[in-house]
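This report describes a single protein model for a reader who has not seen it before. Please look at the sequence and the structure below, then read on.

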Amino acid sequence: MTKILVNGNLTLSDIVNVARNGCKAEIPAEVYQRMAVSRNLVDDCVREARVVYGITTGFGKFSDVSIAEEDSKKLQKNLIMSHACGVGEPLLPETVRAMMLLRINSLSVGNSGISRNTIDALLALLNSDVIPYVPSKGSLGASGDLVPLAHMTLTLLGMGDAFYKGKKMTAKKALALAGLSPIELTAKEGLALINGTQAMNSFATLNVVDAERLNKIADICSALTMEAQRAVTDPFDPRIQELRRQQGQIDTAKNLLTLLNESERITRQGEIRVQDAYTIRCVPQIHGPSKDALSYVKGVVEREINAVTDNPVIFPETDQAISGGNFHGQCLAMALDFLAISLSELANVSERRIERLVNPQLSGLPAFLVKKGGLNSGFMIPQYVAASLVNENKVLSHPACVDSITSSANQEDHVSMGMTAARKAKTIVDNVTNVLAIELLVACQAIDFGDKTKKLGKGTAAAYETVRNAVTFMNKDRFIAPDIAKCAELIRNGNILNAVENAVGKLL
């Protein structure tokens with residue numbers, strides 16, 4: 001398997017390959033060269049007792065407290081121990097792996113003053129599958145993700161807990177089993193490791209990748225529902241979309257017509273009805289803005305992946321170490337809140353389509369899509385589940401970034417709460433996946449009550465067959481939770497999207 005080069009030019013796919021697919025990472029030789037130059041400047045600052053934040057001073061409110069050269073190593077160790085005070089369940093291994101890779105990548109740009117020994121130690125953790133135990137809660141998203149990154153760094157010191165080959169143990173034992181040794185941090189290195197946005201951005205990168213898939217899956221789900229409801233497709237005419245000039249809407253309508261191409265079940269206006277309800281007729285206008293939102297969020301995240309978010313920032317070409325604010329996570333916090341809202345709407349409209357399918361007054365199909373209703377409840381309760389998840393999404397869509405709380409004795413008087421936004425967005429990703437899984441399941445059941453002599457569209461047929469290969473038609477009540485889980489897995493593992501795109505080409 002090809003190694004991912006960490007040189008300040010990572011892509012979303014690079015991060016997915018390391019975080020989820022087990023790829024190893026490698027630092028090119030030229031990276032070490034530029035890192036050495038900035039490291040030399042840090043050493044000069046210590047030797048000459050220059051007043052530089054975090055190198056020869058304390059942190060936060062203690063920025064005016066001078067630190068003697070002989071205490072520089074102790075200062076960095078104290079920083080990590082005191083800041084590693086997170087609470088809550090540990091982050092998922094894929095999230096921690098992404099966080100480690102992102103931090104290595106930011107340091108590799110060469111403006112942080114890290115030593116080769118320290119960055120190599122962090123790279124060795126990643127490649128040896130030693131996963132630091134990182135509690136999920138405690139970051140304000142400025143001055144960076146201090147708490148989670150401190151827990152990550154604690155493992156390098158042989159302190160705290162870690163996972164090795166999936167088993168939780170002390171970090172000291174995990175290092176020993178992996179053939180690694182604890183390290184000692186030198187001047188600025190503790191600060192360089194924890195002063196950044198990489199915890200929230202680890203969520204953001206994976207959330208964006210998942211959101212891209214969910215936006216396409218939502219179109220597939222709606223197209224299946226349209227087949228089941230014999231929808232009118234005239235509203236998807238490209239000329240209508242062009243008049244609106246909104247790219248997400250244009251792309252969504254194109255996806256729907258691609259998915260429904262060659263279908264014998266869809267209708268034209270006036271054949272059965274003049275128009276459909278908004279949740280069917282206005283899919284381009286509803287799904288489209290979510291695509292546009294994702295485009296914005298993706299741009300923010302891709303730029304942040306390769307950003308230097310340290311403080312102070314080292315500029316060896318001018319012999320300066322300048323204290324700034326690149327650690328502030330507001331750009332990610334706002335983007336993640338926007339992503340949460342946009343994904344919530346995909347689930348919101350999906351649940352309304354589910355209701356249309358199971359409600360006989362709206363669908364014209366058997367109540368709750370089951371034979372012998374009354375004896376059987378059919379798909380009555382999956383709609384409840386979808387409604388429950390949609391309700392949770394609405395609560396979680398309250399933006400975190402507008403709720404700053406002052407810290408560090410008013411020195412850090414505006415914070416982003418980006419990590420809260422990141423964790424909320426991840427929960428919404430999972431909820432949306434399950435709501436769309438329910439729509440897949442329900443739409444395929446509804447299709448089976450239709451005229452089987454009329455074929456589905458090229459794209460919807462591929463989606464239908466993929467679902468039916470995993471979940472059979474429900475003749476009578478059965479344990480439904482495993483069916484929902486199977487459909488959710490078809491979404492997560494990409495099988496249903498791959499099947500559809502193999503049939504019709506790439507969706508937008």
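## Helix α6 and its surroundings

Helix α6 is followed by Gly158, whose phi is positive, near 75 degrees. The model described here is predicted. Within α6, eleven of the eleven residues are buried, so the helix is mostly covered, where buried means under 20% relative accessible area. Among these buried residues are Pro148, Leu149, His151, Met152 and Thr155.

In the loop between β5 (135–137) and α6 sits Ser143. Ser143 is joined to Ala142 by a cis peptide bond, with omega about 10 degrees.

## The crossing of α3 and α6

Two packed helices are described by the angle between their axes and the distance between the axes. Helix α3 (residues 72–83) and helix α6 (residues 146–156) have axes that come within 8 Å and cross at roughly 120 degrees. The crossing in which α3 passes α6 is left-handed.

On the α3 side, the contact is made by Ile80, Met81 and His83. On the α6 side, Leu146, Val147, Ala150, Thr153 and Leu154 take part. Sorted by class, the contact of α3 with α6 has six nonpolar residues, two polar ones and no charged ones.

## Nonpolar cores

The largest nonpolar core has 150 residues, and the members that touch the most others in it are Ile220, Leu224 and Leu343. Helix α17 (residues 418–447) supplies the largest share of this core, 18 residues. Apart from it lies another core of eight residues, including Leu41, Val42, Val46 and Val52.

Which residues does Leu343 contact, leaving aside its neighbours within four places in sequence? The partners of Leu343 are Ala211, Leu214, Asn215, Ile428, Val429 and Val432.

## Cysteines

A disulfide is a covalent bond between the sulfur atoms of two cysteines. This structure holds zero disulfides. Cys221 is in no disulfide, and the nearest cysteine sulfur, that of Cys444, is 8.7 Å away. A disulfide needs the two sulfur atoms within 2.5 Å. Cys221 is also buried, with a relative accessible area of 0%.

## A buried asparagine

Asn255 belongs to helix α11 (residues 247–260). Is Asn255 buried or exposed? With 2% relative accessibility, Asn255 counts as buried. Not counting residues up to four places away in sequence, Asn255 touches Asp219, Lys291, Leu507 and Leu508.

## Other backbone features

A further cis peptide bond runs from Asn311 to Pro312, with omega near -5 degrees. Pro312 is found in the loop between α13 (283–305) and β8 (313–315).

Glu262 is not a glycine, yet its phi is positive, about 75 degrees. Glu262 lies in the loop between α11 and α12 (278–281), and at 43% relative accessibility Glu262 counts as partly exposed. Met417, a residue other than glycine, has a positive phi near 55 degrees. The place of Met417 is in the loop between α16 (380–396) and α17. At 10% relative accessibility, Met417 counts as buried.

Conventions: Residues numbered from 1 in each chain as written. Predicted model: local features only at pLDDT ≥ 70, side-chain atom pairs only at ≥ 80, totals over all residues. Heavy atoms only, no water. Buried < 20%, exposed > 50% of the residue type's maximum accessible area, 1.4 Å probe, protein only. Core = buried A, V, L, I, M, F, W, Y, C linked by side-chain atoms within 4.5 Å. Helix = DSSP H or I, 4+ residues; strand = E, 2+ residues; numbered from the N terminus. Contact = heavy atoms within 4.5 Å. Axes fitted to C-alpha atoms, helices over the stretch in contact; angles between N-to-C directions. Left-handed = near helix turned anticlockwise from the far one by under 90°. Nonpolar A, V, L, I, M, F, W, Y, C, P; charged D, E, K, R; others polar.
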